[in-house]
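Here is a friendly briefing to read alongside the coordinates.

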Amino acid sequence: MWMLGPIGFAAPWLLLGLVVLPLLWLILKAVPPAPIRRRFPGVALLLGLTDSETQTDRTPWWLLLLRILAVALVILGFAGPVLNPQAETGGSGPLLVLTDGSWADARDWERRADRIEAALDEAGRLGRPVALVALTDLPPDGGATFQAADAAAARLPALQPEAWAPDADAVTAWAETLEGGFDTLWLSDGLARPWREPLLGALEARGAVTVFESPRPVRALRPARFEEGEVRLTALRAVTGSAAEADVAAIGLDPAGAERQLARETVAWDSGEDAAEVAFDLPPELRNRITRFELSGIRSAGAVTLADDALQRREVALIAGGAEPEGLELLDPLHYLREALEPTADVLEGDLNDLLLANPDVLVFADVATLADTEAVAVREWVEAGGMLLRFAGPRLAASDVSRTEESPLLPVRLRAGGRSIGGAMSWGEPKTLAPFAEDSPFFGLPLPDDVVVNAQVMAQPDPSLAARVIAQLADGTPLVTRKPLGDGQVVLFHVTANAEWSSLPLSGLFVDMLERLAVSTRPPQLTEAELAGTTWAPEEVLTAFGRIEEADTLPGVTGERLAAGGPGPDMPPGLYAGDDRRIAVNVLDAEATLAPMEWPARVPVVGLEVLRETVLKGWVLAAALALLLADVLASLALSGRLRGPRAAPAALALTLALAAAPDAPRAQDAPPPDPAADALALEATQEVVLAHVLTGNRQVDDTAEAGLRGLSDVLYRRTSIEPAAPLGVDLETDELAFFPLLYWPVTEDQPIPSADAYARLNRYLRSGGMILFDTRDADLAGFGSSSPEGRKLQALARGLDIPPLEPLPADHVLTRTFYLLQDFPGRHAGREIWVEAAPPGAEQVEGMPFRDLNDGVTPVVIGGNDWAAAWATDEAGNRLFPVGRGMTGERQREMAYRFGVNLVMHVLTGNYKSDQVHVPALLDRLGQ
Amino acid sequence: MSDPLLLRQGAEELAAPFPPLLAEAEHLATTVLLGEHGRRRPGQGDDFWQFRPALPFDESRSIDWRRSGRADGAFVREKEWQIAQSVILWVDQAASMSFTSLKSGETKARRARLLGLAAAVLLIRGGERVGMTGLRLPPRAGEGQLARIAALLSEDEPADYGAPDAGGMLPHSRALFVSDFLGDLAPVEAALTRAADRGVRGALLQVLDPQEEAFPFDGRTIFESMTGSLRHETLKAGELRDRYLVRLAERKDWLAALAATTGWQFSAHHTGDSAAAALLWLYGALERRG
């Protein structure tokens, strides 16, 4: 390969072709562009005309340059240029390929493996024997086994990083077993380690050492800790350069049991800082589900920290019997529980049903005696599903009959009536102290303070099962704490109160310890060495170097001492270890870990992994040549006049097609755009009160309806505080109805029956308080129910509507008095009754009242045939469009029609307001006149 | 060529555009109102023109006694001059006329034939006699003449540029020359001067393609005439545009001057424009009183 700066050529002899470029220049310069032949009758006029410029037969210099450049690029492209071709390192003699194989290598392990493979290939070409050693997986018999490169290459797939760092002692010991002379290629993970210097010295004593380091930053997480209600993590980085950011994801099981990301926070390192803190403020439900935290996008065990029980806080629901006396906090049955639990658990308080929905870990009843049947069943189911019910005795429990004759499922023992007091002013004996805890008691080992005395307790009935259920007792042998299993859960009863009334137990530290032992409160995060001594912990899950969780069924258990020593290694891979009743996470980094970059001595050549990338430039160079040739095509066409003038269009089109380099990337399907027409309608209909009419499809009827509503709107505007905007026609099939208080629906014989969708909208409209005024406009021809065509159509239309039972408008209906006092409701036609929602059957008129107390809401439909719209109709100038009646009588009828309209709109907008009895005196006064 | 099948095929092809051309020409002719028809002068004819006082040279039998009886003087009844005029038509059918740059494919020849035939339709409807130049078709009246004119117009000439034939012109008749006048102008001048000698007036209509008027060419180009007999090569066609346009304008000026001196009318028409406008001009020019 022939090198030219950073570019090498695979076929350098092709570059000789560049010599022909000047020749090409001369040829191109001599040949003018090819002419176009055109038939043109006007040629007779051209005869004898000569070209004024004689130089134009030459191709312009810039076009020549373009072509020469394109040809030069083609030659260069085929000569196979390669940027940063991989240089051969040469050397002879045995080669030791040494890799740290730690978790910090895992992040770019593929590239390290590539590099090792390249080194092995090269060694194979040069015939050098190779030894392949990972410091986390040292050869058991020490030294390095040099073998043929292809044999070493066969071992390469088995070479994997481990989730821990090399052990210093083992590395130092191994370094002493090295023999003979060899060169070393050391793929370091870039972190400073105490054993690096001695090992480097040992290797340099054997031959040249070359170090490869990835420039990628090493980042890692310290274990999560719980502080001040937040989960806090510290993210570390080895190289403290400029400010940087990374995402930390909290991963856990969702309610469906699938693993997913529960929360995500950004951690930001300040420039020059190697540690940065991030806090997750999560609800307890979510927090308790977290199984691990990860630095997003980094495949390394160091970027993962497992969460164990120390992060999980139990939810404790507290319920006290009886009303809590205000201001007596120290007597509050829950006060001491709250004080004891709040630092370590999440305390919930509230109604039992709500609390059960929250599915707490522990339910505490402080002196709760009886439960409603359904509540008792719910609590029992909850306990049987694994809950823990912790009950405290008290005056109510002592006074109640619960668990007297037969054992209540929610109490561990039967209770004697009344309990007992000891050591009081009116009783014999001294207050009792506690007996030491038995060995099988969960409280075993807790120190007994001297000052804990019990003054009163509820007494257990002696039963055969009693002895097995007592887990703490007083010095006289009476049970203090009893427990029984119930399903998967358990019920625990403290025979004293939860406050200091009956005993001083809640005042002592023992109370807190007991709660903790009962797993009511959360344990302290770290177990002491003494607690761990003699225990065995089984790995449940282990972490691979790549930060993946794997099941660990086949791994042996780990002793508590090893666990206490910390520091993961081959005998204790990082992961989750389960003991009797809790789990401990062993993480790659402990809480004090730091990361520092390795500072190699200046004599050691350090090579990055990055610069080894070859970039083949052939494609790019050829593409550039192609682009230049295309530009040349365009320029040539422009020069020879083919881009303008006749026949230019097809050429330009073809060129455009040819130059369209890449089709547009398919766009993601957009969400359907909001319908601007619907938005406009909604805006128009909601900015003011708008009366609406149903478009029937009959132009004349629709126009009349609109004119009628316009006239009514004007009257409303003048006479009442309702100020409607111009009326709208609505299409039942497309428009939203919810904006309109009143829908005027003129019934025509030939209008179409609405679709099912439209009926759904109409019914929704009626149910949500809308009103439809059906007008058959045939009162002059037909009585209601008689078979006028409109009447039949109305029946057909109303069949799909959700209409309540109807009755002719009674004289005391609220429509008769919402604004005007009316008794008849004429439109253009007079005298036919109108129908509204029927009054409830039980409505009776009260003596002395002018009207009944009728139904509450607004009647959803008003049905009549008086052709009101025609009576109301005005044009824009306010002129009436239709005659009504004759003379003054007619005007009176029109006025009544308007008054009906006003009453109707008032009824829609104010509901049964005028039914309110408050108005009775005023109305009586008016009616009396 | 003696193959009867080939002859038949040629005849069919020749006849094919013929009825549409005639129909289109008639359609075009209906757009011109025959308002100014008639000679508007006394002469031989059937229709009454005017009474005029008898002059000494009038024969006594020409005096209208009924009219003279109502006045003191004698009056002569004059009839309107109804002797039909002869119009000679020449439409350039040379190869240069078959050029078009239009998307519609409307060639100059088609436009010229259309205009010529439409004018003939109008004239024959007006009672004139229409014929073709040379001795190909003497002027005759009647609808049958239209079919003959159309048949003759449908022929093509092999020559590159056409030249009018001044033969066969009746004295004091009218003539209509339609061509692009891009060829040699000497025959045109000869024909016009000869016509002027015989007292023949008429109209020259130059039909040009829009490209011939605009010369929208650029780059290295070889221009060829329609038959390829003439060619001109240029390296920068755009440079020639101005000089070409000057030459074209000179030619038009020359034609207009020639027409003025011989008492003819001259106008230029582009195939891109409406044919009706040109027909109106033609009709007006031919109706001008000599």
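Two strands pair if DSSP finds at least two bridges between them. With that in hand, an open sheet of 3 strands has the order β3(A)-β8(B)-β9(B), with mixed pairing. The model is predicted, so to speak of local features pLDDT must be at least 70, side-chain atom pairs count only at pLDDT 80 or more, and totals for chains, interfaces and linings use all residues. Residues are numbered from 1 along each chain as its sequence is written, while chains are lettered from A and ligands numbered from 1 in the order in which they are written. Helices (H or I, at least four residues) and strands (E, at least two) are DSSP runs, numbered from the N terminus.

- β3(A) and strand β8 (residues 221-224) of chain B run parallel and are joined by 4 bridges.
- One pair to look up is A:R38 with B:F223, its bridge partner in β8(B).

**The contact between the chains**

- Chain A gives 28 residues to the contact and chain B gives 33 residues, where two residues are in contact if their C-beta atoms, placed from the backbone, lie within 7 Å.
- On the side of chain A that touches chain B, the elements giving two or more residues are β3 (36-39) and α2 (43-46) of chain A.
- That side of chain A has 14 nonpolar, 6 polar and 8 charged residues; Ala, Val, Leu, Ile, Met, Phe, Trp, Tyr, Cys and Pro count as nonpolar, Asp, Glu, Lys and Arg as charged, and the others, Gly among them, as polar.

**Chain B**

- Chain B contains 9 helices and 10 strands.
- Among contacts in chain B between residues at least 6 apart in sequence, 74% join residues at least 24 apart.
- Strand β4 (residues 129-132) of chain B and β5(B) run antiparallel, joined by 2 bridges, and B:V130 stands opposite B:R140 in β5(B).

**Helix packing in chain A**

- Helix α3 (residues 61-78) and helix α17 (residues 618-639) of chain A have axes that come within 8 Å and cross at roughly 160 degrees.
- α3(A) and α17(A) are therefore roughly antiparallel; angles under 35 degrees count as roughly parallel, over 145 as roughly antiparallel, 65 to 115 as roughly perpendicular and the rest as oblique.
- The residues of the contact of α3(A) with α17(A) divide into 16 nonpolar, 2 polar and 3 charged.
- Helix α20 (residues 699-719) and helix α24 (residues 887-910) of chain A pack at an angle of about 75 degrees, with axes 10 Å apart, which makes α20(A) roughly perpendicular to α24(A).
- The contact is made by A:L712, A:V715, A:L716 and A:R719 of α20(A) and by A:Y898, A:G901, A:V902 and A:V905 of α24(A).
- By class, the residues of the contact of α20(A) with α24(A) are 6 nonpolar, 1 polar and 1 charged.

**A buried strand in chain A**

- Strand β20 (residues 388-392) of chain A is largely enclosed by the rest of the structure, because 5 of its 5 residues are buried.
- A:M388, A:L390 and A:F392 lie on one side of β20(A) and A:L389 and A:R391 on the other, all buried, so both faces are covered.
- Strand β19 (residues 362-366) of chain A and β20(A) run parallel, joined by 5 bridges, and A:V362 has A:M388 as its bridge partner in β20(A).

Methods. Axes fitted to C-alpha atoms, helices over the stretch in contact; angles between N-to-C directions. Buried ≥ 20, exposed ≤ 12 C-beta atoms within 10 Å, placed from the backbone.
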